[in-house]
Amino acid sequence: MSKRRDDAPSGDLETKDGRHWEHPQTRDAAHHGRREEERQEPLHPTVEDNEEEIRKLELAWAAPTGFIGWFKPVNQRIIGRRFIVTAFVYFVLAGLLGLAMRLQLAVPENDFLPPEIYNQFFTVHGTAMMFLFAIPVLEGFALFVTPMMIGTRDMAFPRLNAFGYYVYLIGSSIFFVMLLVGMAPDTGWFNYVPLAGKLYAPGVGVDIWTTMITFIEVSALTAAVELIVTILKLRAPGMTLNRMPVFVWASLVMAFMIVFAMPSIIVSSSLLILDRLVSTGFFVPEMGGDPLLWQHLFWFFGHPEVYIVLVPALGIVSTIVTTFTQRTLFGYTAIVISIVATGFVSFGLWVHHMFATGLPHLGMSFFMAASAMIAIPNGVQVFCWIATMWGARIQFSTPMLYVLGFFWVFVIGGLTGVMVASIPFDLQVHDTYFLVAHFHYVLIGGSVMPVLGGLYYWYPKMSGRMMSEFWGKVSFALVFIGFNVAFFPMHQLGLDGMPRRVYTYLEEMGWSELNFISTIGAFVLAAGFATTFFNALASLRVGPKAGNNPWHAETLEWVTESPPPPYNQRHIPIVNSREPVWDWREEQERPVVLGLRSDRREVLVTSILDAEPHAVQVVPGPSIWPFLSAIAASVGFVGILFHPIFFVVSFFLAFFSFVGWFWPRRPWRED
Amino acid sequence: MRQYAGMDVSGLTRFAKSTHPLYYGIIGLIAIELTVVAMLTVSYSYLMFSSPEWPPAGLEPAPILWPSVNLGLLLASMVSMRWAGNRISAGDRRGLIIGLSTSVALHMTVLVLRSFEMAAFEFRWDDHVYGSLMWTITGFHFTHVASAIVGTVVVTILATKGYFTPERQLGVVVDTLYWNFVSAAWIPFYLALYWGPRLV
């Protein structure tokens, strides 16, 4: 490498073969001695930024503007931000439904909501929180953050990304609009047959549920493939698998789980829609079908689903813990193995939702053991975080507070989880408020709190400004207190026998006080969330400027400006450790990649294990076709509710839009 | 912070055909669809084993001759696709077009035979769950064969325009990948739908 010093003209190297590059620095003892030498006479020429190149780069990566332009951008940060914003809108809407339910239950024999509306509310609340908020918001964070964390400029299939977003937007809007016209599904978020069959749910509500959930899962699947390929193939040179940030690992595991779990819900809801529309008999006992098949298929998706929204949240926790203790994460390998193990074990748990269905005992014992076993990898992570924080000088900013809140809430949720994993106890509390308490502790504690922490943490990178610390702390206090006041009493209510999904109860049952307390807590909790959202909106204008790295974090998204330019990084960095940014801060210099063209969208392709560069991918630019394809697909998904012919219509519409999407348009003869 | 040149990538290939991200993307798509295939096969077996009689009383197992012929045609089309890929690697554009067209013709034959076969089913999808499964799974595979055909027709049109060269053949490679999935996906369905009832 040293010979390059002489023949490298102003920043451009001669090497034509990226395979044989050396690590510019090695972290051994000799390294420091060599670095002293370099100070006097640099081995590697400094890269000076050239205005002309930057202008070209900006032109190549810029997203279109204007009304039509809104339907065209494909840049990963724009799509990620849209996912996050849309998901939070649904969080607010579904949260309001939750508040309405709490109001109804505040006093016995209340008539605030009629029973049929109450049924629609809890169904849409649950469905929206899971499918319209939890998955999309975590995908949104993954889409927004991971490409920057691995030091690339976009995702591997930018147009697919845009397609996924429009599919999600269209599907979720149709689903939610049904509530406004009073035709929402009312059979609960897991939509059990025979209740959800044609006989007992004749309306259009369940039809919409099945088609739109299938449709929205298409969007989750595109994001998953996108994340897997981007993470495995587009990492910055030198970011070997064992140097990948934990959040990237978590996103990767989430994506793999989506790939193997979502098809199950797609199959089950497709079979249900066939049952409902063309009278097939998959779940109809009289025709030889079996309602339990629905439960198997649903929970084979539904249980991993819980971990799909948990695992990336755990990644956010690891990220925040590292940054706010300013320490290397304790037990990186243990944490990564735990995340992967959680991913695997979560596929062996689904039957624990079905303990009350009378399956053979031997099989149930296996699932009981597996359900208890999943506590192990999660426990390992908690101990690693404690070890990281032990004796560190922790900076108690809002993101860190949310993480500490997460510890408390998630550990309680985990403990009740171990309790309901045991069959005798489960049979006792099955379908009671104990379960409601348990899964809100796990989902709000395990997922929403880290997501809010992540929002405060990455907000500066998204907007260029900081959110208010004061209002952040107020919001945390309200959320933490409100949450526990709202949901802790539900454990007791469940043990007292209050069933879930009842729209009211009699005063003699003795549930009134705890329900009233719970409703007060729910409003405090809502005030906490509202504080954060107003904080986020107001800070867009009045927040102090963030600068590149306001938290002094160690991952790559913090080396570039806030908000980053459309191409993310001027130069793709070269990575030599798990905390590259901290190393560069010490060394005051960093190696970068040269040779990507500035006049078109190029990203570096590296090998899966060792991230050695071996090719360059030219990624496509803005296009209207993904939007048109999403429209073509929606024609089918909505149309089949009216007539099966729309399946064929949509098949050909989608085909033509895909041809329009993929037809080679750039001057390919000159490539 | 000083930035220095760590490596130069201007000489790296822009055409990597079997390590290109798109290649892995199609593998991801296939993984998803294989899971769907597995789910359908498992659902079929689940219902088969939980039924007292399979197929329902009064029905013979569906005839096995034409599905077996289809299996042969589907497997043969994998060979002709492979051959097409080899031809373009050797720079033989005509060979590529012949290989692609042969494969499309084989799949078209499958669709025709399949249509006759479905028309001859002695039951409807709303008669009993056996009928539901037969129609749904065959229809699922029918749709996939149809999409593989239309996709490959587009690739063939691009081939006649001279788009593909020994370097730029990613389109052919990923189309072949998906093609192989669609063709091979018939194997588990064939075993479950036509051999399952005969063996239990």
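Trainee: How far apart are the C-alpha centres of domain 1 and domain 2 of chain A?
Mentor: They lie 31 Å apart. Domain 1 of chain A is 73-542 and domain 2 is 625-670, with bounds from an automatic or database domain assignment. This is a predicted model, where local features need pLDDT of at least 70, side-chain atom pairs count only at pLDDT 80 or more, and totals for chains, interfaces and linings use all residues. Residues are numbered from 1 along each chain as its sequence is written, chains are lettered from A and ligands numbered from 1 in the order written, and side-chain values use heavy atoms, with hydrogens and water left out.

Trainee: How many residues does each domain put into the contact?
Mentor: Domain 1 of chain A gives 16 residues and domain 2 of chain A gives twelve, contact being heavy atoms within 4.5 Å.

Trainee: And what area is buried between the two?
Mentor: About 1,300 Å², with carbon and sulfur atoms giving 87%. Buried area is the accessible area (1.4 Å probe) that two parts lose on being put together, summed over both.

Trainee: Switching to charges, how many salt bridges cross the interface?
Mentor: Zero between domain 1 and domain 2 of chain A, by the rule of a Lys or Arg side-chain nitrogen within 4 Å of an Asp or Glu carboxyl oxygen.
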